[in-house]
Amino acid sequence: MKAIIIYESTHHGNTRKLVDAVAGKYGIETAAVEEVSGTDLSDYDLIGVASGVAFGKFYEASERFVEESLPEGKTVFFLYTCGNDTGKYANSVRARAEAKGCRVAGTYGCRGFDTFGPFRLIGGIAKGHPTQEEIDGAVRFYGSLIASISQ
């Protein structure tokens with residue numbers, strides 16, 4: 001199975017920690033979202049989109065990637081980090097992917113150190129996140145996801 005994770009990790013590298021751990025364990029390709037916009041990804045069987053969260057959804061470039069560059073009909077998954085997880089932050093990208101006929105295989109999100117906007121004034125929230133346990137959780141998530149797809 002040919003897989004890639006397209007990521008956007010800007011502020012503290014929280015999301016990149018998840019992406020690097022998954023890619024390191026499973027040997028899959030990764031690319032920053034700004035590197036692949038408009039690139040043909042039709043050869044990939046599985047496409048992950050990983051992002052930090054701002055204003056209740058994935059970062060804008062990640063949202064735009066799903067809207068404009070995600071190939072139709074692919075199997076996709078989502079990873080994200082955020083200051084305080086509501087479990088709803090992937091809803092927008094999920095809806096965009098499903099509108100393109102993509103099958104969403106799963107979503108994994110966890111907390112990440114956040115100093116965006118007013119959080120900067122108090123030194124940030126979710127200090128120390130993602131933890132090693134949360135990073136390992138992303139690796140386990142991917143492992144179970146590919147196991148279920150392969151069946």
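A contact here means that heavy atoms lie within 4.5 Å. In this predicted model, residues 24 or more positions apart account for 75% of the protein's contacts with a separation of 6 or more.

The secondary structure consists of five helices and six strands. Along the sequence these elements follow the order β-α-β-α-β-β-α-β-α-β-α. Of the 151 residues in the protein, 49% are buried. The accessible surface comes to about 7400 Å², and carbon and sulfur atoms contribute 47% of that area.

Is Phe65 buried or exposed? With a relative accessible area of 2%, Phe65 falls under the 20% cut-off and therefore counts as buried. Leaving aside residues up to four places away in sequence, Phe65 touches Ile6, Val33, Val36, Leu41, Val49 and Leu70. One of these, Val49, is 16 residues from Phe65 along the chain, and the C-alpha atoms of the two are separated by 8.8 Å.

Aromatic side chains can be followed next. A search of the whole structure gives seven aromatic pairs.

Notes: Residues numbered from 1 in each chain as written. Predicted model: local features only at pLDDT ≥ 70, side-chain atom pairs only at ≥ 80, totals over all residues. Heavy atoms only, no water. Helix = DSSP H or I, 4+ residues; strand = E, 2+ residues; numbered from the N terminus. Buried < 20%, exposed > 50% of the residue type's maximum accessible area, 1.4 Å probe, protein only. Areas by Shrake-Rupley, 256 points an atom, 1.4 Å probe, with all protein chains shown as cover. Phe/Tyr/Trp six-rings, centres within 6.5 Å; stacked < 30°, edge-to-face > 60°.
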